[in-house]
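Colleague: I would like to go through this chain term by term. Please give the rule each time, then the value.

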Amino acid sequence: MSKQAMLTVYEGALVPVLRGLTDIDRQYLMENGVELLSCSGSEGPGVCAGDSIVYIKEYTESEQNAQDGGLGFHRGFSLVTFFSTFLEWKKALKQDSVAKHAHFLEENALALLKI
């Protein structure tokens with residue numbers, strides 16, 4: 001299966017959903033601070049069992065310290081920083097999902113996500 005990314009609304013937030021993740025992809029993303037949630041298929045339209053939601057949260061310094069006791073826990077990612085950092089997933093981003101959710105996005109985010 002080829003890699004695909006799309007946007008969906010999950011628990012009130014616009015998040016990336018990744019499809020076609022290999023074990024190597026998953027390990028690489030997690031080693032680089034990405035928090036992945038496994039999907040059961042009931043998370044939203046177009047989301048299938050086996051997909052992964054990228055947890056979008058940028059942590060404050062105090063939240064980071066609470067997570068790791070000050071040992072350098074990763075700050076986390078916003079929608080923009082995720083796709084700016086992992087360009088292969090930006091290339092895999094389905095543009096129909098960007099258009100569908102454009103009203104949720106600020107101008108700079110929309111400009112970044114459009115290919």
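Modeller: Helices (H or I, at least four residues) and strands (E, at least two) are DSSP runs, numbered from the N terminus. By that rule the chain has 6 helices and 6 strands, and their order along the sequence is β-β-α-β-β-β-α-β-α-α-α-α. The model is predicted, so local features need pLDDT of at least 70 and side-chain atom pairs pLDDT 80 or more, while totals for chains, interfaces and linings use all residues. Residues are numbered from 1 along each chain as its sequence is written, and side-chain values use heavy atoms, with hydrogens and water left out.

Colleague: Why is Asp 51 called buried?

Modeller: Buried means under 20% relative accessible area, exposed over 50%, and partly exposed in between, with a 1.4 Å probe and protein chains only. Asp 51 has a relative accessible area of 4%, so the residue counts as buried. Of the 115 residues of the chain, 39% fall in the buried class.

Colleague: What makes Lys 100 exposed?

Modeller: The relative accessibility of Lys 100 is 53%, so this residue counts as exposed. Lys 100 belongs to helix 5 (residues 95-100).

Colleague: And His 101, buried or exposed?

Modeller: His 101 has a relative accessible area of 7%, and therefore is buried. This residue sits in the loop between helix 5 and helix 6 (107-113). Contact means heavy atoms within 4.5 Å. Leaving aside neighbours within four places in sequence, His 101 is in contact with Leu 7, Thr 8, Val 9 and Leu 14.

Colleague: Which residues does Asp 51 touch by the contact rule?

Modeller: With neighbours within four places in sequence left aside, the contacts of Asp 51 include Val 17, Leu 18, Arg 19 and Leu 37. Asp 51 is in the loop between strand 3 (36-38) and strand 4 (52-54).

Colleague: What makes the pair of Asp 51 and Arg 19 a polar contact?

Modeller: A polar contact is a pair of N or O atoms within 3.5 Å; within protein, one must be able to donate a hydrogen and the other to accept it, and residues adjacent in sequence count only if both atoms are side-chain atoms. The side chains of Asp 51 and Arg 19 make such a contact at 2.7 Å.

Colleague: How do you know which strands pair in the open sheet?

Modeller: Two strands pair if DSSP finds at least two bridges between them. Strand 2 (residues 13-19) and strand 4 have 2 bridges, in the antiparallel sense. Leu 18 stands opposite Ser 52 in strand 4. The open sheet holds 4 strands in the order 1-2-4-3, with antiparallel pairing.

Colleague: Why are strand 1 and strand 3 placed at the edges?

Modeller: Strand 1 (4-10) and strand 3 each have a single partner strand, so one side of each has no neighbour in the sheet.

Colleague: How many aromatic pairs are there?

Modeller: Rings of Phe, Tyr and Trp (its six-membered ring) pair if their centres lie within 6.5 Å; planes under 30 degrees apart count as stacked, over 60 as edge-to-face and the rest as tilted. The count comes to 5 aromatic pairs by this rule.

Colleague: Why is the pair of Phe 77 and Phe 82 called edge-to-face?

Modeller: Their ring centres are 6.2 Å apart and their planes stand at 90°, so the pair is edge-to-face. Phe 82 and Phe 86 form a tilted pair, with 5.2 Å centre to centre and 40° between the planes. Both Phe 82 and Phe 86 are buried. Ring pairs link Tyr 28, Phe 77, Phe 82, Phe 83 and Phe 86 into a cluster.
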